[in-house]
Amino acid sequence: MSDPRLSVLKTYKLYVGGKFPRSESGRVYEVSDAKGNWSANAPQSSRKDARDAVVAARRAFGGWSGATAYNRGQILYRVAEMLEDRRDQYVREVARAEGLSKSRAGEQVDAAVDRWVWYAGWTDKIAQVVGGANPVAGPYFNLSSPEPTGVVAVLAPQESSLLGLVSVLAPVIATGNTAVLVASERAPLPALSLGEVLATSDVPGGVVNILSGRTAEIAAPLAAHQDVNAIDLAGAGAELAAELETAAADNLKRVLRPQPVDDWAAAPGTERMTAFLETKTVWHPTGALGASGSSY
């Protein structure tokens with residue numbers, strides 16, 4: 001009788017700059033399912049990993065923000081396609097992480113796929129909603145249009161391993177920003193698996209960078225980093241959020257504070273997209289004043 005075959009355990013890695021490195025520190029930590037049973041060893045990111053992720057996000061920002069909104073929408077739709085193809089895997093990971101039945105986990109995965117599609121449809125529409133021509137009195141007119149803020153650090157919700165994660169990540173990149181995502185400390189596996197989806201979805205390397213580990217340890221250098229333009233504190237508790245907001249004030253980062261109760265299953269609005277957009281206004285003279293214009 002032949003020996004029973006040993007299963008090949010999945011090795012989870014970070015996703016930085018389109019590649020899958022292990023943590024620079026070589027550390028891992030044990031991830032348990034909702035019942036306290038061991039699920040996997042996840043990389044425990046260091047401050048150096050956080051800095052590397054910011055460098056990758058900044059390098060990718062010019063190309064991603066300069067892409068057409070239509071092209072970004074196509075790429076986000078492709079993410080939804082690939083996530084749908086791997087539905088069974090995500091149902092297993094979400095069920096174990098959140099202690100849900102298979103059917104309930106399936107509902108969470110389906111909602112996450114639908115949310116990617118929803119934000120994909122907004123990429124070429126948000127400018128028309130929040131921009132436009134402004135009424136002014138004088139021989140000139142002006143136009144306002146939204147532009148991405150830059151590199152956004154995103155702390156994924158701790159309790160919603162996939163749907164909450166997609167709800168905070170998709171609006172950031174849909175509007176042309178690049179992201180450094182800190183996965184849920186308790187349930188990071190769906191986020192780490194998302195790196196594999198992104199890598200096969202035409203998302204340019206560095207647009208999304210995914211770190212796992214101790215949320216406070218990773219978030220602190222991101223909040224203080226001078227090349228991070230904004231931070232979403234969805235996954236931070238009240239005490240940590242206050243500390244990070246203080247650190248973020250050093251270079252006037254945009255800060256999206258955590259809400260007391262976030263229902264990630266609720267229909268999304270445009271708030272998470274507009275939170276990380278800047279408004280550029282172009283003034284242009286009319287008539288005899290000439291054709292030159294200015295902006296600020």
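Reply: L252 sits in the loop between α9 (238–248) and β9 (254–256); helices (H or I, at least four residues) and strands (E, at least two) are DSSP runs, numbered from the N terminus. The model is a predicted one, with local features needing pLDDT of at least 70 and side-chain atom pairs counting only at pLDDT 80 or more, while totals for chains, interfaces and linings use all residues. Numbering starts from 1 along each chain as its sequence is written, and side-chain values use heavy atoms, with hydrogens and water left out.

L252 is not a glycine, yet its phi is positive, near 55°. Most residues other than glycine have a negative phi. The relative accessible area of L252 is 75%, so the residue is exposed (over 50%; buried is under 20% and partly exposed lies in between, with a 1.4 Å probe and protein chains only).

D202 also has a positive phi, about 70°, without being a glycine. D202 belongs to the loop between α7 and β7 (208–211). With a relative accessible area of 57%, D202 is exposed.

The helix α7 itself is mostly covered, with 9 of its 11 residues buried. These buried residues are L189, P190, A191, L192, S193, L194, G195, V197 and L198. One of them, L189, also lies among the residues nearest the centre of the largest pocket, together with K10, Y12, S39 and A40. A pocket here is, on a 1 Å grid over the protein atoms alone, an open set of points where a 1.4 Å probe fits, with protein on both sides within 12 Å along at least five of seven lines; lining residues have an atom within 4 Å of a point.

In total, 28 residues line the largest pocket. Its lining takes two or more residues from each of β1 (28–32), β2 (38–43), α3 (87–98) and α7 (189–199). β2 makes the biggest contribution, 6 residues. Sorted by class, the lining of the largest pocket holds 13 nonpolar, 7 polar and 8 charged residues. The volume of the largest pocket is about 510 Å³.

The second largest pocket has a volume of about 260 Å³. Its lining consists of 14 residues, and W264, P268, G269, E271 and R272 are the ones nearest its centre. Two helices, α4 (102–122) and α10 (271–274), each give at least two residues to that lining. Its classes are 6 nonpolar, 3 polar and 5 charged.

E271, one of the residues nearest the centre of the second largest pocket, is part of helix α10. E271 has 55% relative accessibility and therefore counts as exposed. In sequence E271 and D124 are 147 residues apart, and their C-alpha atoms are 16 Å apart in space.

From α4 the residues Q108, A111, A112, R115, W116 and Y119 take part, and from α6 the residues L163, V166, S167, L169, A170, P171, I173 and A174 (contact means heavy atoms within 4.5 Å). The contact of α4 with α6 has 11 nonpolar, 2 polar and 1 charged residues.

Key. Points joined across faces, edges and corners; volume = space filled by probe spheres on them. Nonpolar A, V, L, I, M, F, W, Y, C, P; charged D, E, K, R; others polar.
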